[in-house]
Amino acid sequence: MDSTRVTEQPTSFERPQPGVDPVDPRGALLHTPPPAHVPDADAALPVQSRSGGESTAPGAATPGPSETTSPETVTPDGADHDAATGPEHSQPGAGQDAEPDAHRPRPAPEGIPVQPAAGPDRPAPAPDGQERRTGQVSRPGRPTPMRRDGDRLRFVGAATRRIARGIDLDEIVMGLCRATVPTFSDAILVYLRDPLPVGDERPTGPLMLRLRRTDRIPPERDTEGGFTPVAPPEPNELDSVGAELCTVRPGSALAEVLRGVRPVFTDGAAARAALPELLGEDGACAVPEGQRAILAPLRGRRRVIGAALFLRRPERIPFEADDLLVAAQLATHSALGIDKAVLYGREAYIADELQRTMLPEHLPRCTGVRLATRYLPAAETARVGGDWYDAIPLPGSRVALVVGDVMGHSMTSAAIMGQLRTTAQTLAGLDLPPQEVLHHLDEQAQRLGVDRMATCLYAVYDPVSHRITIANAGHPPPVLLHLGGRAEVLRVPAGAPIGVGGVDFEAVELDAPAGATLLLYTDGLVESRLRDVWTGIEQLREKLAATAQLTGPDHPPPLEALCDEVLDMLGPGDRDDDIALLAARFDGIAPNDVAYWFLEPEDAAPGRARRLARRALARWDLEELSDSVELLVSEVVTNAVRYATRPVTLRLLRTDVLRCEVGDDVPQLPRLRQARATDEGGRGLYLVNRLARRWGATRLSTGKVVWFELNHG
């Protein structure tokens, strides 16, 4: 065979017996196509005699079974010919004008190539079932070897396509195993480096190989012999062949084989010495003798990342030299695919982490409102996007509800989303009105770039007044589900998207009755290629109303279940954008749980504050907290009236905790500090910090609010 053609013939292949439909070991039935019709057998390419004798047509002389004792073929004139000079390996263009590929059938796409049983260009099967090349007797229905060059090329093409279809590590390794068993080998063991290096990372520590996957012919195809496993084959005989983890010692036989990169037969001295290190002593003994095992290093772009061991049973014909080229092709494609899969996995991990850190990890517990959220990426290949949601506690037990959507599904969109979300949190901490928050977000988006566009809806809920103030910047309108089951789309001015610039935003104030549920969402929930945005909004409203009917008019549906039901309205393939969903259940604070007073900034204000607090606690049957509340109220009010120029506000709220809020017109926030022994003041906040469950101070547009919370029974 010409050396140029050797590099192009990657494998030996197996073909079923003529007239018998081969059964795929995984249960699929492969139907053999009928043989191609040859109009003129004499036009086939003749076999050239090595001794210069007369050429013989391929089907002119067929040796009997007793004559086929070696891969060599005896011609009628007595000259021995190598199998490579037979009609299946004849060079194109030699002899007649007819092309030898005229008799070669087309393989099934993406599958194992199947050849016709017999034809003018190949010997007919022996009557006693004896294989002509090896002299081995094959059982009916069992595959027999086939050595056509086109078969090798077609097998490598089909196998590499199957490997290339994988996008993650498991899919690629599975593709390698499924492509090679049973077509190329009877079993395969795939070892990968642990941990796998990513990209140009330089691995540290010793080289560890972990068994990633094994595959073999199922037991029903392997009942008449085979290589002997170390332990009984329950549930898989390969489980006992390979060690789960092995350490490659520097300078060892296995290290030398892996460094050589090229696949080798295990009957060589170096490879045979490497098997115990890879498989263990017992596993190495289970490997068949002779050229029935190939050890192929898996080399990625930079370094060896693993190894694959191909095994054949003793009853099957051994591997040939050309099969090393097949193993090299399979190992190269698999290693490069694994390299790409590891890089893809790292990118997916970075995307997931970026999206996770951009969104709130946990929603805050706000007074008078319960929250639930959902986020769905646009697709597995687009895990990051510009959608976000947020819930920000505000002074006065209020809460800001925010939902936004930056255009695009890229890292840039996620980065812009993170900047806008941070800006919104900062502006919310200043207690600005919703329309002012959107105005500053619009200015921030313009500073980020000319094409930084986003939509946003900002709402502030007050559980004491049971009112909600909403401002919109080009976002889909929210939907309010009432306690009785009626769902309505709130009429909120749409406004221009953030980033347009030069536009004013308008806010509206609406009732937020107790028991109602407000649903904020992004356009990915209601808009797709199958429906426009207003059709989706109407379907969402109907879905909410139908869900509320299931729990009755007096019981609102649970928030988590409601979010799941809303997402169920998305059909398969009906999602083109990522989705952010924020549901808020308004519980509110009853009027009899609120006490509110104005105190003049005078010296008598702390004493009056203590008396008012004592009366409120007695009305709520919380006398056990009187001492602590009076002490803390006195300290906070004293600090307020010391610097205030306008009346000081005092408010007590009874929810699951007792909350006290003191407001004044001084914007400077108090800071906790350790008072010295000679200081006359500076110990008030220290007492608050020690006795209160929580405390804090928030700056307002008109001053500040200092608050603390105490637990009650």
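These legends go with close-up views of a predicted model.

**View 1. Helix 12 meets helix 13.** Here you can follow helix 12 (residues 626-643) as its axis comes within 9 Å of that of helix 13 (residues 684-691), the two crossing at roughly 145°. The crossing is left-handed. From helix 12, Leu631, Leu632, Glu635 and Val636 take part, and they meet Gly684, Leu687, Val688 and Leu691 of helix 13.

View 2. Met411 belongs to helix 7 (residues 411-429) and is partly exposed, with a relative accessible area of 36%.

**View 3. Asp431 in its loop.** Look between helix 7 and helix 8 (434-448) to find this residue. Asp431 has a relative accessible area of 15%, so it counts as buried. Beyond neighbours within four places in sequence, Asp431 is in contact with Arg398, Arg699, Leu700 and Ser701.

**View 4. Two cis peptide bonds.** One joins Val181 to Pro182, with omega near 5°; Pro182 lies in the loop between helix 3 (169-180) and strand 5 (187-193). Another runs from Asp194 to Pro195, with omega near 0°, and Pro195 sits in the loop between strand 5 and strand 6 (207-216).

**View 5. Positive phi at Ser397 and Asp621.** Ser397, though not a glycine, has a phi of about 65°. Its loop links strand 12 (386-394) and strand 13 (398-406), and Ser397 is buried at 5% relative accessibility. Asp621, also not a glycine, has a phi of about 60°. Asp621 is in the loop between helix 11 (605-619) and helix 12, and is exposed, with a relative accessible area of 57%.

Terms used: Residues are numbered from 1 along each chain as its sequence is written. This is a predicted model: local features need pLDDT of at least 70, side-chain atom pairs count only at pLDDT 80 or more; totals for chains, interfaces and linings use all residues. Side-chain values use heavy atoms; hydrogens and water are left out. Helices (H or I, at least four residues) and strands (E, at least two) are DSSP runs, numbered from the N terminus. Buried means under 20% relative accessible area, exposed over 50%, partly exposed in between (1.4 Å probe, protein chains only). Axes are lines fitted to C-alpha atoms, for helices over the stretch in contact, and angles run from 0 to 180 degrees between N-to-C directions. A crossing is left-handed if the near helix is turned anticlockwise from the far one by less than a right angle, and right-handed if clockwise. Contact means heavy atoms within 4.5 Å.
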